[in-house]
Amino acid sequence: MKYSFKIFSIFGIPVELHISFLVLMLLIYIIALFNLIPSVNILTAVLITLIFATVVIHELSHSYIAKRYGIKIQRIVLLPIGGISEMEEIPKEPAKELRIALAGPVSNLIIAVITFAILIIFGTFLSAILSGALYYFTVVNLLLGLFNLLPAFPMDGGRILRAFLAERMDFIKATKLAATIGKQFAIIMAVIGVFFNFLLILVAIFVYLGAEGEYRSVVVSTLLGDEKVKDIMTSDVHTLNPDNSVQETLKIMFREKHMGYPITEDGKLIGIITFHDVSKIPENNRDMLIKEIMSTEMIISDPNENLVETIGKLNRNNIGRLPVIENGELVGIISKTDITKILDKKEPKLD
Ligand SMILES: [Zn+2]
């Protein structure tokens, strides 16, 4: 992730702080030290630091177990909204996923029990600040542990539920069911949020989108696993000539109902033109040639490219289609619609 700084390394895993987190912490400490906002005192700053420590422990626990299964951990990045363990994809083995997902919340619950025990046993010997901090640390760990156990993606509970289901049914169905349960949870959370706490509505939206996103990515990676571009691309490609005018191009687009065309010269691809490009040209200027406005920086695909990779390219660059090139020649075109159609056909129905 951009703009994050390594603060330390543990078990060979670098822990990085994102700049937004750093700025936030500094700000809170400055506000507390100089008494800029009466309600933010040094205890608030300490509390924020404790939350930070809690999140680190949580993420480290996931990473530690994952590492024991031989999964590579790139790093842990801490953001104001929580931590992210950047690891390579967890193998679709429910038993492993279950343990990796459980590790985070369980570590927080164990800490909560320990700090609570210390408070009960030694509470009377501790200074007010120290027992205050211990008390907060207990509460933060308890809340973080329990909250993450809610059975909703992208929280750990969603993964635990999916792993539990995946031992009893196929992986996609298990994900679909877990995502559906997650979304229902999100809706309930949002309704509760309307009455009690608006922050809960934000969390609900995050959970709802997370559940859907997790399901989509599993569907894509599982169903498109061994499909290649050449299996579904359109080989009969309509191309345009660089000397076509904007006016002509618009006419062709309306007639053929395609939103984008490759532009070739002597069989070689030299650019791409989309409806978006031509519709920007004012009406009195439409005798302009498309070679003047085509995009020449092209993202291309290969007939042997895996469709998972192709859909990644389309999404990352927010484009609808890619020219398919083999040995420098344009051999086809692949669009997001083509891939979506395949997905719709293959997607299992829940019954
Ligand atoms: Zn977690």
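Mentor: With a definition. A polar contact is a pair of N or O atoms within 3.5 Å; within protein, one must be able to donate a hydrogen and the other to accept it, and residues adjacent in sequence count only if both atoms are side-chain atoms. Helices (H or I, at least four residues) and strands (E, at least two) are DSSP runs, numbered from the N terminus. Now the case: Asn-306 caps the N-terminal end of H11, with a side-chain oxygen 3.0 Å from the backbone nitrogen of Val-308.

Trainee: What should I know about the model itself?

Mentor: It is predicted: local features need pLDDT of at least 70, side-chain atom pairs count only at pLDDT 80 or more, and totals for chains, interfaces and linings use all residues. Residues are numbered from 1 along each chain as its sequence is written, and side-chain values use heavy atoms, with hydrogens and water left out.

Trainee: What lies just after H11?

Mentor: Asn-318, with a positive phi of about 50 degrees. Asn-318 sits in the loop between H11 and S7. For accessibility, buried means under 20% relative accessible area, exposed over 50%, partly exposed in between (1.4 Å probe, protein chains only). Asn-318 counts as exposed because its relative accessibility is 65%.

Trainee: Which residues of H11 are buried?

Mentor: Leu-307, Thr-310, Ile-311, Gly-312, Lys-313 and Leu-314. Their cover includes H7, H8, S7, strand S8 (329-335) and H12. Contact there means heavy atoms within 4.5 Å.

Trainee: How do I read a nonpolar core?

Mentor: In soluble globular proteins, nonpolar side chains tend to be buried together. A nonpolar core is a set of buried Ala, Val, Leu, Ile, Met, Phe, Trp, Tyr and Cys residues joined through side-chain atoms within 4.5 Å. The largest one here has 28 residues; Leu-224, Leu-307, Ile-334 and Ile-339 have the most contacts inside it. Among the elements that give two or more residues to this core are helix H5 (156-166), helix H6 (171-195) and helix H12 (336-346). H7 gives the most to this core, with six residues. At least three residues come from each of domain 2 (152-223) and domain 3 (229-346); domain bounds come from an automatic or database domain assignment.

Trainee: What does Ile-339 touch?

Mentor: Leave out residues up to four places away in sequence. Then Ile-339 touches Leu-224, Ile-232, Leu-307, Thr-310, Ile-311, Leu-314 and Ile-334. Another core, of 17 residues, lies apart from the largest one; Ile-13, Phe-21, Val-56 and Ala-103 are among its residues.

Trainee: Now sheets. What is the general idea?

Mentor: Strands of a sheet pair through backbone hydrogen bonds, either parallel or antiparallel. Here, two strands pair if DSSP finds at least two bridges between them.

Trainee: How many bridges join S2 to S3?

Mentor: Three, between strand S2 (residues 13-18) and strand S3 (residues 73-79), which run parallel. Leu-17 stands opposite Leu-78 in S3.

Trainee: How do S7 and S8 run, parallel or antiparallel?

Mentor: Antiparallel, joined by six bridges. Glu-326 stands opposite Glu-329 in S8. The two strands form a hairpin with two residues between them, and Asn-327 in the turn has a positive phi of about 50 degrees.

Trainee: Is Ser-107 buried or exposed?

Mentor: Buried, because its relative accessibility is 12%. Ser-107 belongs to helix H3 (residues 94-122). Its side chain reaches the backbone oxygen of Gly-104 at 2.6 Å.
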